[in-house]
Amino acid sequence: MNYLAVLQKGARIGGGVFGEVFLCVDPVQGQVAAKHFYAANFSTPAAWQEACEKALAEAQALKALEHCNIVRVHQVLLAIAGSEFLIVTEYCEERSARDKTSANSFTLKQMKHVAREAAIGLNYIHGQGYLHRDIKPDNILLKANGEVKVGDFGFVTDQLQFGFATPYGTPAYWAPEVRQEKACTELSDVYSLGTTLLNLVSGDLWFFRQGRGQIFKEDADGYPFVASDMLFLPHVTTAWRNTIARLIRADKTKRCASMAEAVNLISRLPVVEDWACDVGPDEINWTMEKGGRRFRVRWENYLRDNDSWVAWSEAHNGSAKRTLARSSSVDKWQKRYRSLQLFFEKRTPKHR
Amino acid sequence: MTSVAAVVASDAIILVEGECNADGTVTVIKDETLDLEPGDRRKAYAIMATRIRDRLKNGVDTVILKASSGGQFAAKTVVLHAAELRGVFLSAVPGEIEVVQRQKKSVSKGRSRKVDEYLKDDVFFGAKFDGAKLRKGSREAAFLILNEVDD
């Protein structure tokens, strides 16, 4: 006997090479996300059959990895005509961490929360003998209640040969050994998490920026890699920079040794002032409310020869301005960048 | 049988996982520290509870916890915080795992030397423990596993 599942299809919320994701309403679960795979996208019935099996394996991996930081799978469905295969999962109202990075407006505290929760989910995945292989902000999903879920298990595998699996995912987040040896391990997932954290504390504009101190360079094969002379946003303090550096060390023997250790490193990131950072194409603004006043920093023409920054506090209506510090016009751009870094560093709370 | 021994401080939990061998030695499987997140302790405890649950979910038969012990002086904040975190730890251990709590003085009982003297003895630890690398700071936790072998 065949049974009929009632799923009310709503707006399209995402897509990719596999098909599309729609917001749907399930009579029991309420809002759900349904990942649709279409037979029409596959050239032969055999290829479609294989795709359905892979999609089913993805859903089974999700079920095997049920955890508060991993997106929950509800069911799989095959359209009666056999033309569509659906994986129905919980719906994450705030979409993905990519939506946050592409907005280029964030606080370090928010991003630490996202990275730590994702790391806990990934640590659980590793603990169960799986690799994710495609860690990036797009695959970290956010619930309206603040919960963070690792999603998109299309590349998750437990098919490890001596702890290795073949690479999938997005080259910008690949570890050097994945680019070179085409093999994924727990350590390459750690690297991808580190690059993701770097993306989270940079926003997309700074992360993918070209020019002085740019984060990525290209290797001989055209693959992007994190440059050793890259610059962080100035408010990312030393302890945070060191943690990210440990996660993305090119030499895997010197990299943070496991996802469990990565969780520890991210958890230990010290408390910093809650600056809201807005990265624009020509200027970066930081704002913070503290002690009845608003603190602001503006960095214009950043990292250019004519850049300048100024920090001040003001009343909430913008009056009673007091200048806290400013850049010197006689300095070179490196020194002005460093002076802004120091401004934020000195304000970092010393207590735990 | 796989045991995890835990020593809880105010801002971190040291976990040593080991297997007791028939010859009275312990094979260390993993030695790690779970650091408590700085800042808001309420949130940090919730995060720590998740991490403990995840860590102990598979392949652990027994948890041996260094128990609280009352001192003769009023407890300082760090001692109280450690006791709080111990409560978080206990509540997060999955239900199917047996938990035993051992006070330091009970571990010393019936031994020729005090626990602290054993902890300084490199030769003793070299002879009694093999397997994964054991940090000096984790010896107290490791000793709790050895104590169960000897019991």
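**Notebook: where chain A meets chain B**

I looked up the interface and found that 19 residues of chain A are in contact with 15 residues of chain B, contact meaning heavy atoms within 4.5 Å. This is a predicted model, in which local features need pLDDT of at least 70 and side-chain atom pairs count only at pLDDT 80 or more, while totals for chains, interfaces and linings use all residues. Residues are numbered from 1 along each chain as its sequence is written, chains are lettered from A in the order in which they are written, and side-chain values use heavy atoms, with hydrogens and water left out.

I then looked up the salt bridges (a side-chain nitrogen of Lys or Arg within 4 Å of a carboxyl oxygen of Asp or Glu), and the rule finds three of them across the interface of chain A and chain B. One of the salt bridges pairs B:Glu37 with A:Lys112, with the closest N and O atoms 3.4 Å apart. On the chain A side, helix H3 (108-127) and helix H8 (259-267) each supply at least two residues that touch chain B, helices being DSSP runs (H or I) of at least four residues, numbered from the N terminus. I noted that H3(A) gives the largest share of that side, six residues.

Next I followed H8(A) to helix H7 (residues 238-247) of chain A, and the two axes, lines fitted to C-alpha atoms over the stretch in contact, come within 10 Å and cross at roughly 170°. H7(A) and H8(A) are therefore roughly antiparallel, a term for angles over 145 degrees on a scale from 0 to 180 degrees between N-to-C directions. The residues making this contact include A:Thr243 and A:Arg246 of H7(A) and A:Glu261 and A:Leu265 of H8(A).

Note on methods:
Angles under 35 degrees count as roughly parallel, over 145 as roughly antiparallel, 65 to 115 as roughly perpendicular and the rest as oblique.
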